[in-house]
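Dear colleague,

I am handing over the model we spoke about, together with some notes on what turned up in it. Please look through the structure before reading on.

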Amino acid sequence: MANIFVLEDEEIMSDLIENTLEAVGHQVVKCSTIQEAQELFEKEPTNFDALILDRNLPDGDSIDLAKELQDKSLLSKVPIIFNTNLSKPAQILEGMAVGAFWYLTKPTTPTILQALVSNAVDTYQVYRAGMEKQKLLEGMLSYLNKSEFTFHTHSEARQLAESLSLMFPDAQRALLGVTELLLNAVEHGNLSISYSEKTDGLVRGYFHQLVQERQSDPALKSRKVRVEIDKKPERTQIQIQDEGSGFDWREYLEISPERIFDPHGRGIVMSKAISFDKLEFIGKGNIVIATQERPQAAE
């Protein structure tokens, strides 16, 4: 169960979103104007796990609200999903540019909405867990400069990401990218789950079962992901290598309007745009090197 905030001025659409999300156990708080939402966030900077925002509202564009929320420490990392009639590629890219987790156009089907919100909530919960662990681990990891790791499973990827992100100059910024790249190495690399298989699994609610089945497959379960991390005074660099057959990584480096409405597929784009200063795939795509530079001190 998660707490979801919905900003929507059309009553029918607002009720549809509420009923769709409550049907799978989420709690929903609704507002119909930007001003009402601003007042709510000022009074109660509460524990929302995802925000669903219409853009074209009577008192403005919620793009401006999204920018405001980036400056609020308790809300800056909460996933934002735009759900709107504004569906031109430039408008979609505008929404993603302010850090939106995803962009949906109306009418939204219940299955897509449920799958996308579930994905957003899972991502945010990983982030929160990582930040809680940071307080326990950051002292110890501050002495670690170079190391190698190997792992096999989906759950191991999440656990390792929480720790490895602490070695980067900006751990909060790194966590999303490290998590996405490690999960990609398991899911699409070693377990050979295709893009379309993950889409169908998320929409129809059997993706986690698919992962477990592949991890039990004798031909796949012995595959490893190898991780090397190197921390220097000027930057931290991570290299991730899986044992899969590779993929055409070039088409995933930028936001694709053709895939923008799928419930996944933004991991590499967000890693490149938010988490790292440099992202480089090698060869057939089963090796990725990500770098985060340490900000130069002002003279």
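Which residues of helix 2 (residues 34–43) are buried? They are Ile34, Ala37, Leu40 and Phe41, where buried means under 20% relative accessible area, exposed over 50% and partly exposed in between, with a 1.4 Å probe and protein chains only. Seen down the axis of helix 2, these buried residues fall within an arc of 125°, so they line one face of the helix; the arc is that of the directions from the helix axis to the C-beta atoms. An α-helix has 3.6 residues a turn, so residues three or four places apart point the same way. The face of helix 2 turned away from the buried side carries the exposed residues Glu42 and Lys43. Among the elements that cover the buried residues of helix 2 are strand 1 (3–7), strand 2 (27–31), strand 3 (50–53) and helix 3 (62–69).

A word on how to read all this: the model is predicted, so local features need pLDDT of at least 70 and side-chain atom pairs count only at pLDDT 80 or more, while totals for chains, interfaces and linings use all residues. Residues are numbered from 1 along each chain as its sequence is written, and side-chain values use heavy atoms, with hydrogens and water left out.

The chain as a whole has ten helices and twelve strands, both taken as DSSP runs numbered from the N terminus (helices H or I, at least four residues; strands E, at least two). Of its 299 residues, 49% count as buried. Among contacts (heavy atoms within 4.5 Å) with a separation of 6 or more, 67% are between residues 24 or more positions apart.

A search of the whole structure finds two cavities of 30 Å³ or more. A cavity here is a set of points, on a 1 Å grid over the protein atoms alone, where a 1.4 Å probe fits but cannot get out, and lining residues have an atom within 4 Å of a point; a volume is the space filled by probe spheres set on the points, which are joined across faces, edges and corners. The largest cavity has a volume of about 70 Å³, and of the ten residues that line it, Trp102, Ile255, Ser256, Gly265 and Arg266 are the closest to its centre. The second largest cavity, of about 30 Å³, is lined by Met13, Leu16, Ile17, Thr20, Thr108, Thr109, Pro110 and Leu113. Helix 1 (11–22) and helix 5 (110–141) each supply at least two residues of that lining, and the largest share, four residues, comes from helix 1.

Two single residues may also interest you. Asp230 lies in strand 9 (residues 225–231) and is buried, with a relative accessible area of 15%. The side chain of Asp230 makes a polar contact with the side chain of Lys232 at 2.6 Å; a polar contact is a pair of N or O atoms within 3.5 Å, and within protein one must be able to donate a hydrogen and the other to accept it, while residues adjacent in sequence count only if both atoms are side-chain atoms.

His188, in helix 7 (residues 171–190), is partly exposed, with a relative accessible area of 30%. The side chain of His188 reaches the backbone oxygen of Ile193 at 2.7 Å. His188 and Gly244 are 56 residues apart in sequence, yet 7.6 Å apart in space, C-alpha to C-alpha.

With best wishes

Conventions
On a 1 Å grid over the protein atoms alone, a cavity is a set of points where a 1.4 Å probe fits but cannot get out, and a pocket is an open set with protein on both sides within 12 Å along at least five of seven lines; lining residues have an atom within 4 Å of a point.
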